[in-house]
Amino acid sequence: MLVAAGAARAQSYTGPIFDAHLHYNDEAWMSAHPVDDALGRMQRSGVRAIIANSRPNDGTKSLASARDKTAAAGITVVPFIRLYRNRADYTGWFQDESIHEMVLKELAAGTAAGPYRGLGEFHLYDSANANGPVAKKLMQLAQAKDRRCSRTWTTARSIC
């Protein structure tokens, strides 16, 4: 019986990786990990595509604008709009009209890699916040534009 169990041991995964939750916040791209370093780390780790989001969105734009470098590294950037300009936005974005305005401006501008493909990551620490006026507007916008959402939940309720 022990021989059969050993034969069923899982193989190590050696295929490509799609990082569906890459944060490239200002602490990373402005100092510790500029674009070349970040892409090199991803390439060495087998990452071939990323959903990029950053606080503020400048980190995402820096990855998206490095088209020659991302192509050379074999990495596809899928840009998402992060709803935070700074850490203070984490707790009140769902009722802050300036967040809605910022998202509209980002959507209109797009990125060097093309249009933003979704919204997120965003946090709903209380499910009632999903009913905030800006949260509702943004989820309706995402649905109307056929964009995806990336969220962190503390409840099981989903709005997109």
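**View 1. Asp-89 is a buried residue, with a relative accessible area of 7%.** Here, buried means under 20% relative accessible area, exposed means over 50%, and partly exposed covers what lies in between, using a 1.4 Å probe and protein chains only. Asp-89 sits in the loop between strand S3 and helix H6. Leaving aside residues up to four places away in sequence, Asp-89 touches Leu-83, Tyr-84, Asp-96 and Ile-99. Touching, or contact, means heavy atoms within 4.5 Å.

A word on what you are looking at: this is a predicted model, in which local features need pLDDT of at least 70 and side-chain atom pairs count only at pLDDT 80 or more, while totals for chains, interfaces and linings use all residues. Residues are numbered from 1 along each chain as its sequence is written, and side-chain values use heavy atoms, with hydrogens and water left out.

**View 2. The protein chain has seven helices and five strands.** Helices (H or I, at least four residues) and strands (E, at least two) are DSSP runs, numbered from the N terminus. If you follow the sequence, the pattern of the protein chain reads α-β-α-α-β-α-α-β-α-β-α-β. Of the 160 residues in the protein chain, 42% are buried. Among contacts in the protein chain with a separation of 6 or more, 76% come from residues 24 or more positions apart.

**View 3. Tyr-84 and Tyr-90 can be found among the aromatic pairs.** How many aromatic pairs turn up in a search of the whole structure? The search finds three. In one of them, Tyr-84 and Tyr-90 are stacked, at 4.2 Å centre to centre and with 20° between the planes. Rings of Phe, Tyr and Trp (its six-membered ring) pair if their centres lie within 6.5 Å; planes under 30 degrees apart count as stacked, over 60 as edge-to-face and the rest as tilted. Tyr-84 counts as buried at 0% relative accessibility, and Tyr-90 counts as buried at 14%.

**View 4. The rings of Trp-93 and Phe-122 form a tilted pair, because their planes stand at 55° with the centres 5.1 Å apart.** Trp-93 lies in the loop between strand S3 (76–81) and H6, and Phe-122 lies in strand S4 (residues 118–124), so the pair ties together parts that are 29 residues apart in sequence. Trp-93 is buried, with a relative accessible area of 0%, and Phe-122 is buried, also with a value of 0%.

**View 5. Helices H6 (residues 97–109) and H7 (residues 133–144) pack with their axes 9 Å apart, at an angle of about 20°.** That angle makes H6 roughly parallel to H7. Axes are lines fitted to C-alpha atoms, for helices over the stretch in contact, and angles run from 0 to 180 degrees between N-to-C directions. Angles under 35 degrees count as roughly parallel, over 145 as roughly antiparallel, 65 to 115 as roughly perpendicular and the rest as oblique. The crossing of H6 with H7 is right-handed. In H6, the contact is made by Glu-97, Ile-99, His-100, Val-103, Leu-104 and Leu-107, and in H7 by Val-134, Lys-137, Leu-138 and Leu-141. Sorted by class, the contact of H6 with H7 has seven nonpolar, one polar and two charged residues. Ala, Val, Leu, Ile, Met, Phe, Trp, Tyr, Cys and Pro count as nonpolar, Asp, Glu, Lys and Arg as charged, and the others, Gly among them, as polar. For the handedness, a crossing is left-handed if the near helix is turned anticlockwise from the far one by less than a right angle, and right-handed if clockwise.

**View 6. Helix H3 (residues 35–45) has buried residues.** Which residues of H3 are buried? They are Val-35, Ala-38, Leu-39, Gly-40 and Met-42. These buried residues pack against strand S1 (17–23), strand S2 (47–53), helix H4 (58–65) and helix H5 (67–73). After H3 comes Gly-46, with a positive phi near 90°.

**View 7. Phe-80 has its place in strand S3.** Phe-80 counts as buried at 5% relative accessibility. The C-alpha atoms of Phe-80 and His-21 are separated by 9.9 Å, and these residues are 59 residues apart along the chain. For Arg-117 and Phe-80, 37 residues apart along the chain, the C-alpha separation is 5.6 Å. Arg-117 is in the loop between H6 and S4 and counts as partly exposed, at 39% relative accessibility.

**View 8. A cis peptide bond runs from Arg-55 to Pro-56, with omega near -10°.** Pro-56 belongs to the loop between S2 and H4. Gly-120 and Glu-121 are also joined by a cis peptide bond, with omega about 5°. Glu-121 lies in strand S4.
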